[in-house]
Amino acid sequence: MNLQRPIAPNPYDHLPQLPSMTLVSEDVVEGAPLATAQAYDGGNTSPQLSWHDVPEGTKSFVVTCFDPDAPTPSGFWHWVLVGLPADTRSLPAGAGSADAALPGSAYMLRNDYGSNDFGGAAPPPGDHPHRYIFAVYAVDTDDFGIGPSASCAAAHFMMLGHQLARGTLTGTYQR
């Protein structure tokens with residue numbers, strides 16, 4: 001299999017500018033390799049995440065994990081969690097498991113593995129390191145017109161006019 005291709009741009013650099021929130025993790029260090037726990041064939045566990053600098057008017061949060069380096073034209077969605085209540089400021093490790101008790105009416109969309117949960121890092125063996133960009137969005141509504149069957153891309157499109165701020169944190173992984 002030929003995996004030779006240029007490094008994809010960071011997609012967040014090409015989205016409309018938003019005020020920043022700070023996103024941190026006990027499990028992910030900016031720019032550093034992810035632990036085996038966050039790999040699909042390792043623990044397949046979503047990392048602990050915390051955020052602050054939340055803007056006024058926030059009604060809910062959306063949390064995502066995206067790999068822009070997947071050898072596809074559209075990257076690879078590993079996780080989209082929608083509808084976290086406005087008073088949420090963190091998620092424990094494992095909050096992305098299919099049977100996790102989520103706060104309020106939060107729910108997960110189907111990722112590119114085809115399941116409604118967190119799907120860990122799984123770049124093709126021998127490929128360059130992939131970036132796994134975790135993002136948290138503050139939004140001005142708790143319902144921007146989607147449901148659990150929406151695609152990850154559709155969710156991002158529908159929340160476009162509702163985003164108040166965004167924070168990102170990027171880990172890498174290579175096999």
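A salt bridge, as I use the term here, is a side-chain nitrogen of Lys or Arg within 4 Å of a carboxyl oxygen of Asp or Glu. I'm working from a predicted model.

**Entry 1: Arg-131 and Asp-69**

I started with Arg-131, which forms a salt bridge with Asp-69; their closest N and O atoms are 2.6 Å apart. The two sit in distant parts of the chain, 62 residues apart: Arg-131 is in strand E7, and Asp-69 is in the loop between strand E3 (60-67) and strand E4 (76-85). Buried or exposed, I wondered, is Arg-131? Arg-131 turns out to be buried, with a relative accessible area of 18%. Asp-69 counts as buried too, at 3%.

**Entry 2: the other salt bridges**

How many salt bridges does the structure hold? I find 3.

Another one joins Asp-127 to Arg-5, and here the closest N and O atoms are 2.6 Å apart. This pair also ties distant parts of the chain together, 122 residues apart. Asp-127 is in the loop between strand E6 (107-108) and strand E7 (130-139), while Arg-5 is in the segment before strand E1 (22-24).

Arg-175 belongs to the segment after strand E8 (163-173), and Asp-41 to the loop between E1 and strand E2 (49-52). Those places are 134 residues apart in the chain. Arg-175 is partly exposed, at 37% relative accessibility. Asp-41 is exposed, at 54%.

**Entry 3: the sheet**

Next I looked up how the strands are arranged. An open sheet of 5 strands runs in the order E6-E4-E3-E7-E8, with antiparallel pairing. Which strands stand at the edges? They are E6 and E8; each has a single partner strand, so one side of each has no neighbour in the sheet.

Val-63 is placed opposite Val-136 of E7.

**Entry 4: His-156**

I went to helix H1 (residues 152-158) to find His-156. This histidine is buried, with a relative accessible area of 14%. What does His-156 touch, not counting residues up to four places away in sequence? My list has Thr-64, Trp-77, Val-80, Tyr-137 and Gln-163.

I counted disulfides and got 0. For the cut-off, I needed the two sulfur atoms to be within 2.5 Å. Cys-65 is buried, with a relative accessible area of 2%. Cys-152 counts as buried as well, at 4%.

**Entry 5: Ser-25 in its loop**

Ser-25 is in the loop between E1 and E2, and with a relative accessible area of 18% it is buried. I followed its side chain to two backbone atoms. The side chain reaches the backbone nitrogen of Asp-27 at 2.8 Å. A polar atom of the Ser-25 side chain also lies 2.4 Å from the backbone oxygen of Gln-48.

Leaving out neighbours within four places in sequence, I noted what Ser-25 contacts: Pro-47, Gln-48, Leu-49 and Leu-169.

**Entry 6: positive phi values**

Last, I looked at some backbone angles. Most residues other than glycine have a negative phi. Asn-44, though not a glycine, has a positive phi of about 50°. Where is Asn-44 found? Asn-44 is in the loop between E1 and E2, and is partly exposed, with a relative accessible area of 27%.

Asp-53 also has a positive phi, near 65°, and is a residue other than glycine. I located Asp-53 in the loop between E2 and E3. At 46% relative accessibility, Asp-53 counts as partly exposed.

Notes. Residues numbered from 1 in each chain as written. Predicted model: local features only at pLDDT ≥ 70, side-chain atom pairs only at ≥ 80, totals over all residues. Heavy atoms only, no water. Helix = DSSP H or I, 4+ residues; strand = E, 2+ residues; numbered from the N terminus. Buried < 20%, exposed > 50% of the residue type's maximum accessible area, 1.4 Å probe, protein only. Contact = heavy atoms within 4.5 Å. Pairing = 2+ DSSP bridges. Polar contact = N/O pair within 3.5 Å; in protein donor to acceptor, adjacent residues only side chain to side chain.
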